[in-house]
Amino acid sequence: VEDRLQANVRATLETLRDANVRTWMLTGDKLETAWVIAQNASLVTRRQRMYQVAVRSSGDEKERRREARQALQGYPQGKFNAPCLVLDGAALSLCVSHHQQLFMEVACAAPAVICCRCTPTQKAEIVQLIRMTQPKACTAAIGDGGNDVGMIQAAHVGIGIQGREGRQAALAADFSLQQFSHLGRLVLWHGRNCYMRSATLSQFVIHRGLIISVIQAVFSSLFYFAPVALYNGVLVAGYATIFTYGPLFSLVLDEDVSEPNALKFPELYRELQKRRYLSVKTFLVWTWKAVYQGCVIMLGGIVLFEQRFVHVVGITFTALILTELLMVAVEVKRWHPLMLLAQLLTLLVYLACIVALSSPDFAGGTMAIFDLRFMLSVPFAFRVTILTAASTLPIWCGKACSHYCSPRVVSKLS
């Protein structure tokens, strides 16, 4: 073995194994060197056996295909302490070209796969084969040399390590690391936060746009689908920007678990692999929330109708803003100071806009959008409180019951 392993490679691979991350080793080294490196890096255990798929380098093509197929079929799948699957370049070429389905079935059943004597083209072909035959799998290719560039670019996520072989891999990758040991933090901490925050933020954006659309649809249906806008263009623009932008995008600071616990318990990562936080089910749940809350706010505003139309606008729009702020508060798992600041600033900005839009000069028309005298009265506060509670309390109660009956694994750590 000519190259020395970097520090903490063994611990990193063991951590990823506990997180249910499958690791394949694709290298251009010869078989003996690759096997020693795999043992030193803890890709395989010291007592783990090797199952080699080998074919003759020359001879009849049909006979070589038959040898490769028989070797794959002879792998002991489903056995305890199954051996590591090892292929050289010639066997790998035959398996990828003529026995793709059988090869992937055996390789996915093996605890570890080592492909030695691989060319750069073969490395990229293996990654593409995994993506083609395993559509639910997410591939990450890690390399440190120019011969790994094709593999890195073929994977879902490319990770380059800056080493002695230059920076070609790091420049071609999506992420660049100084040490292989940094991979654990990249996957278990940053990867976790990226998935959780993206899932929550994307669904909240859908909820924010859908709820105001439902309110407008209910309003139009109550008045025989008359083409009359409930809210002024100023309110709609403010709702999409200054009234909801801060609290909504402050969710990118949310954390469901602390960094030490995420690295200490890599098994938590397995929960994310089930993809339950961004799916068709969660999309339908958020759609139902938006439809329910939009109907409650609009129908409740009609029931609590005052003498003037401007009162309905003030009641329903204020209830809408408060509902969005409370929905953000319900979804937050760990409060960050900037989240509280965003909530407070949004409320102050909305109060200032109420005062400003109570004047026709600021409203940009002949009539004021809000009635300031009515919005400072007790009846207004009572109606807004009723609508906000009716739209958010059932959602909060359902979330609390779900958390109590089926708690997440992360909640057991707190």
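This is a predicted model: local features need pLDDT of at least 70, side-chain atom pairs count only at pLDDT 80 or more; totals for chains, interfaces and linings use all residues.

Biologist: Which residues lie nearest the centre of the second largest pocket?

Modeller: Residues are numbered from 1 along each chain as its sequence is written, and side-chain values use heavy atoms, leaving out hydrogens and water. A pocket is an open set of points on a 1 Å grid over the protein atoms alone, with protein on both sides within 12 Å along at least five of seven lines, and lining residues have an atom within 4 Å of a point. Of the 42 lining residues, those nearest the centre are Tyr277, Lys333, Lys399, Ser402 and Arg408.

Biologist: Which helix gives the largest share of that pocket's lining?

Modeller: Helices are DSSP runs (H or I, at least four residues), numbered from the N terminus. Among those supplying at least two lining residues of the second largest pocket are H9 (183-222) and H14 (280-303). The largest share, eight residues, comes from H19.

Biologist: What is the volume of the largest cavity?

Modeller: A cavity is a set of grid points where a 1.4 Å probe fits but cannot get out, and a volume is the space filled by probe spheres set on the points, which are joined across faces, edges and corners. Lys333 is one of the residues lining the largest cavity, and Lys333 also lies by the centre of the second largest pocket, among the residues nearest to it. The volume of the largest cavity is about 70 Å³.
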